[in-house]
Amino acid sequence: MKQILLVLSIAAAFAQSRSVAITIDDLPVAQSGPRACDFDALTKLTENLLRPIQQNRIPVTAFVIGGGCPDLTAAQRKAVIAQWLAAGAGIGNHSFSHRPIEQIGLAEYTVDILRAEPIIKAATGGLPLRYFRSPMLHTGTDVAAKRGLETFLKEHGYQQSPVTFDNSDWMFAYVYAGALDGHDKALAKRVRAAYVPYMESVVAFFEKRSVEVVGREFPQVLLMHSNRLNAVALPELLGMLRKRGYRFISLAEAMRDEAYALPNEYAAKGGISWIHRWSMTKGLPNKGEPDEPEWLTKEYQRLKK
Ligand SMILES: [Zn+2]
């Protein structure tokens, strides 16, 4: 009995020590096009997405694409960002055009970052921009581009926002939206049912990988996107994380952990978790996170045509 109690109390202490910062990309909305960017639809989606965040006072950081939803007026953009600010979100820069660094080169990439600044600042009422997140997590395919970007960000007062719980929520969301638009209720239901179990498999993988690569679990950073799927599934996603013992912290708090100062020499095309980057820098064998289900990939490819 004593032994059982000891095991239980160790498990509880371990579970309580887990923490995660939630980051949400591609504001105003990840699925662009006239339908997703319709102001009323956008306001409603944002309201639904933010409800559990506001209710639970979760300190999220959200990344804005300066050129996202170009048909919004400045006042409409400001109104949507005001919803995020009212929910306590921190706002970061996710570039103007969302083009990856290798596509346009470092020089144009830095112009693209700066081009987003006045738009985002106009929408937030001039709040300082502290964080940048590279579109697709692409941070430079060679050492020169990688170092150049790091120097540029430092000189302009930005911190690159790492991601440890990297995942394919965007693929689930794409198929979910396609199913809704195509009135395919069965497919929408299937995606919805598979989403959080998939996310849990990714979280469980990176928990284990953290111990292998960093020697311990540390405050994680979860990436997700502003989309219709998360607008309905977020309460379940938060419940899954809570059940695994996570409390929700800010990006700033997570990044204070010394794990984020580990050497990172990764310079290649993949937009991968920082845990993989540290692992490769240390010369450890690669291990990939769980894939999304095969049927989902097939539906994604079908809808993408
Ligand atoms: Zn993005």
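Biologist: Which residues does Phe218 touch, not counting residues up to four places away in sequence?

Modeller: Welcome! This is a predicted model, where local features need pLDDT of at least 70 and side-chain atom pairs count only at pLDDT 80 or more, while totals for chains, interfaces and linings use all residues. Residues are numbered from 1 along each chain as its sequence is written. Contact here means that the C-beta atoms of two residues, placed from the backbone, lie within 7 Å, and leaving out residues up to four places away in sequence, Phe218 touches Ser210, Asp257 and Ala259.

Biologist: Is Phe218 buried, exposed or partly exposed?

Modeller: Phe218 belongs to the loop between α8 and β6 (220-225); helices (H or I, at least four residues) and strands (E, at least two) are DSSP runs, numbered from the N terminus. A residue with 20 or more other C-beta atoms within 10 Å of its own (placed from the backbone) is buried, one with 12 or fewer is exposed, and anything in between is partly exposed. Phe218 has 19 such atoms within 10 Å, so Phe218 is partly exposed.

Biologist: How many Å apart in space are Phe218 and Pro100?

Modeller: Along the sequence, Phe218 and Pro100 are 118 residues apart. Going C-alpha to C-alpha, their separation in space is 28 Å.

Biologist: How are α8 and α9 oriented to each other?

Modeller: Helix α8 (residues 185-214) packs on helix α9 (residues 228-243) at about 45 degrees, with their axes 10 Å apart. Axes are lines fitted to C-alpha atoms over the stretch in contact, with angles from 0 to 180 degrees between N-to-C directions. Angles under 35 degrees are roughly parallel, over 145 roughly antiparallel, 65 to 115 roughly perpendicular and the rest oblique. Therefore α8 and α9 are oblique.

Biologist: Which residues of α12 make the contact with α7?

Modeller: Helix α7 (residues 169-181) and helix α12 (residues 294-304) pack at an angle of about 60 degrees, their axes 9 Å apart, and are therefore oblique to each other. From α7, the contact takes in Met171, Phe172, Tyr174, Val175 and Gly178. From α12 come Leu296, Glu299, Tyr300 and Leu303.

Biologist: Which residue in β3 is the bridge partner of Phe63?

Modeller: Strand β2 (residues 61-64) runs parallel to β3, and four bridges join them; strands pair if DSSP finds at least two bridges between them. In β3 (residues 90-93), Ile91 and Asn93 point one way, Gly90 and Gly92 the other, and all are buried. The bridge partner of Phe63 there is Gly92.
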